[in-house]
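Hi there,

Here is the structure I promised to pass on.

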Amino acid sequence: MADYAKDVLVETDWVAEHLDDPSIRIVEVDENPALYAEAHIPGAIGFDWKKDLQDQVKRDFLGPEDFGALLGSRGIGDEHTIVLYGDRNNWFAAYTYWYLKYYGHDNVKLVNGPREKWLAEDRPATTDLPSHEPATFTAEPGDDAIRAKRDEVRAALDTATKLVDVRSPQEYSGELIAMPGYEQEGAQRAGHIPGAASVPWAQAVREDGTFKSADELSDLYGAKGVTNGDPIIAYCRIGERSAHTWFVLHELLGKDDVKNYDGSWTEWGNLVNVPIERG
């Protein structure tokens with residue numbers, strides 16, 4: 001892993017060796033929250049991305065006070081190294097990684113491979129819920145250096161900013177508004193933000209969900225012109241697949257000026273006065 005820009009990944013072997021390490025909090029965040037109850041890494045704390053990590057009224061994530069209270073209530077403190085993993089090749093684990101970075105917690109790692117990899121390796125799993133004493137978790141003011149909002153994306157059109165659309169080719173072209181099964185998270189209009197390159201998020205991982213090498217990743221994004229300059233803004237449908245791509249570009253490839261537009265297509269595709277492209 002030495003060829004990555006930052007030391008942000010841990011292998012399943014490392015996790016297995018640190019199951020009883022009190023300085024570490026392992027956290028599972030799944031696209032399908034029911035999976036955690038079926039089996040999880042011993043000691044892992046489970047977050048439901050919809051119920052726990054999102055504002056329950058408006059389409060936004062938690063403010064710093066609520067976020068700090070959530071983590072503290074589960075026994076995650078400022079002093080802990082947080083190790084994240086989940087299903088879907090770590091979609092929401094990467095999203096939670098970005099979220100933690102946004103609120104100033106730098107001591108965070110992503111497991112190189114999803115929960116399926118852990119289970120396929122016949123490693124220990126449990127249905128027991130962890131019991132940690134409440135802790136103090138301090139969320140800093142949000143770091144806008146890694147989060148793009150609608151007006152910033154609009155202002156970036158026709159500038160040197162590189163936009164990368166990490167959805168499926170069918171969503172990018174406008175053939176589909178949302179992936180099959182996710183129609184409730186669709187938008188009024190289909191297509192993509194003008195000028196955005198199409199690099200589906202899954203092209204960054206191997207079959208087992210581990211990340212491709214730094215050279216392979218550089219070639220992938222370089223071929224589409226994404227990494228030929230700064231800044232870069234990544235988006236998808238609701239911000240979780242683009243957080244995965246943000247992780248690849250910002251953490252693994254070390255591109256400094258990369259932002260995740262978590263409003264993504266469910267916001268842009270519902271706006272009246274913004275341009276879109278199809279095809």
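Below is what turned up when I looked at the salt bridges.

Please keep in mind that this is a predicted model.

Start with Lys 6 and Glu 251, whose side chains meet in a salt bridge at 3.0 Å, N to O. The two residues are 245 apart: Lys 6 sits in the segment before strand S1 (9–10), and Glu 251 belongs to helix H9 (residues 240–252). Lys 6 is partly exposed, at 32% relative accessible area, whereas Glu 251 is buried, at 2%.

Next comes Asp 7, which forms a salt bridge with Lys 109; their closest N and O atoms are 3.6 Å apart. Because Asp 7 lies in the segment before S1 and Lys 109 in strand S5 (residues 108–111), this pair ties together parts 102 residues apart in sequence. Here Asp 7 is exposed, with 60% relative accessible area, while Lys 109 is buried, with 17%.

Helix H9 comes up again with Arg 241, which is linked to Glu 171 in helix H7 (residues 169–173), 70 residues away. The side chains of Arg 241 and Glu 171 meet at 3.1 Å, N to O. Are these two buried or exposed? Arg 241 is buried, at 1% relative accessible area, and Glu 171 is buried as well, at 0%.

Finally, salt bridges with shared partners join Lys 6, Lys 101, Asp 106 and Glu 251 into one network.

Best wishes

Terms used: Residues are numbered from 1 along each chain as its sequence is written. This is a predicted model: local features need pLDDT of at least 70, side-chain atom pairs count only at pLDDT 80 or more; totals for chains, interfaces and linings use all residues. Side-chain values use heavy atoms; hydrogens and water are left out. A salt bridge is a side-chain nitrogen of Lys or Arg within 4 Å of a carboxyl oxygen of Asp or Glu. Helices (H or I, at least four residues) and strands (E, at least two) are DSSP runs, numbered from the N terminus. Buried means under 20% relative accessible area, exposed over 50%, partly exposed in between (1.4 Å probe, protein chains only).
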